[in-house]
Amino acid sequence: MLRRELLLMRSGLTPDDVRETTGALAGRALGLPELAHARTVAAYVSVGSEPGTLALLDALRARGVRVLLPVLLPDNDLDWGVYEGEASLARVRHGGRMELLEPAGERLGPNAVTTADVVLLPGLAVDARGMRLGRGGGSYDRVLARLDRAGADPALVVLLYDTEVVDRVPEEEHDRPVHAVVTPSGVRRLT
């Protein structure tokens, strides 16, 4: 129910709405100490009405940060590739789902994410406990489980719109809290 409401709210955003928040979101995120000291960041390319990430990806790359981007596998797990700029992205349609922008270069394998100092997670909402509501595909649940198994402990940061920080999201046993949420108006530390 909450997931459907949030997706409906996002579908009402115009491309101008998304563009206007992209710069503010990047500015707030770049101010995070975790990102200031990161050598490798696992991120994603926003699509549709998701909070825009390209400005942030380019700024991280300009700082010399190695930016890893996901490649969706047939089983909904994620492989990773290095972001080499917007021209290095390929449009890929996965079944009947939305078109994603993925790195066109070498595949590094699903475990590449365990080298990240920070993992930027997509989501639809986060609550005060740091629990994140995703789209429901389970791709990032697998990423978080892989990090746990590897003993990796990167900073987990969700990028959202201001209205998507909510009182409570549904939680499942495997869910793991995030450390911070970045919105166009600011940063909230959660755990």
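The model described here is predicted.

Within helix α4, which spans residues 54-62, L56, L57 and L60 are buried. Because they cover an arc of only 100 degrees around the axis, these residues lie on the same side of α4. The buried residues of α4 pack against helices α2 and α3, and also against strands β1 (40-42), β2, β6 and β9.

## The sheet

The model has an open sheet of 7 strands, with mixed pairing and the order β3-β2-β1-β6-β9-β11-β12. Its edge strands are β3 (78-82) and β12 (186-189), each of which pairs on one side only. On average, and with direction ignored, neighbouring strands of this sheet are turned by 25 degrees against each other.

Strands of a sheet pair through backbone hydrogen bonds, in either a parallel or an antiparallel sense. For β6 (residues 118-121) and β9, the pairing is parallel and runs over 4 bridges. V118 has A155 as its bridge partner in β9.

## Helices against the sheet

Helix α2 packs on the sheet, where it touches β9, β11 (180-183) and β12. The direction of α2 makes about 145 degrees with that of β11.

Helix α5, residues 139-150, lies across β2 (66-72), β3, β6 and β9. Relative to β3, α5 runs at about 80 degrees.

## Nonpolar cores

The largest nonpolar core holds 50 residues, and V41, W80 and L120 touch the most other members. Strand β9 (residues 155-159) gives the most to this core, contributing 5 residues.

## T21 in helix α2

T21 sits in helix α2, which covers residues 15-30. Its relative accessibility is 17%, so T21 counts as buried; the cut-off for buried is under 20% relative accessible area.

A polar atom of the T21 side chain lies 2.9 Å from the backbone oxygen of V18. Leaving aside residues up to four places away in sequence, T21 touches Y161 and P184.

N76 is found in the loop between β2 and β3. The phi of N76 is near 75 degrees, a positive value in a residue other than glycine. With a relative accessible area of 16%, N76 is buried.

G31 belongs to another loop, the one between α2 and α3 (33-36). Is G31 buried or exposed? G31 is exposed, because its relative accessible area is 56% and the cut-off for exposed is over 50%. Along the chain, G31 and G186 are 155 residues apart, while their C-alpha atoms are separated by 9.8 Å.

Note on methods. Residues are numbered from 1 along each chain as its sequence is written. This is a predicted model: local features need pLDDT of at least 70, side-chain atom pairs count only at pLDDT 80 or more; totals for chains, interfaces and linings use all residues. Side-chain values use heavy atoms; hydrogens and water are left out. Helices (H or I, at least four residues) and strands (E, at least two) are DSSP runs, numbered from the N terminus. Buried means under 20% relative accessible area, exposed over 50%, partly exposed in between (1.4 Å probe, protein chains only). A polar contact is a pair of N or O atoms within 3.5 Å; within protein, one must be able to donate a hydrogen and the other to accept it, and residues adjacent in sequence count only if both atoms are side-chain atoms. Contact means heavy atoms within 4.5 Å. A nonpolar core is a set of buried Ala, Val, Leu, Ile, Met, Phe, Trp, Tyr and Cys residues joined through side-chain atoms within 4.5 Å. Two strands pair if DSSP finds at least two bridges between them. Axes are lines fitted to C-alpha atoms, for helices over the stretch in contact, and angles run from 0 to 180 degrees between N-to-C directions. The arc is that of the directions from the helix axis to the C-beta atoms.
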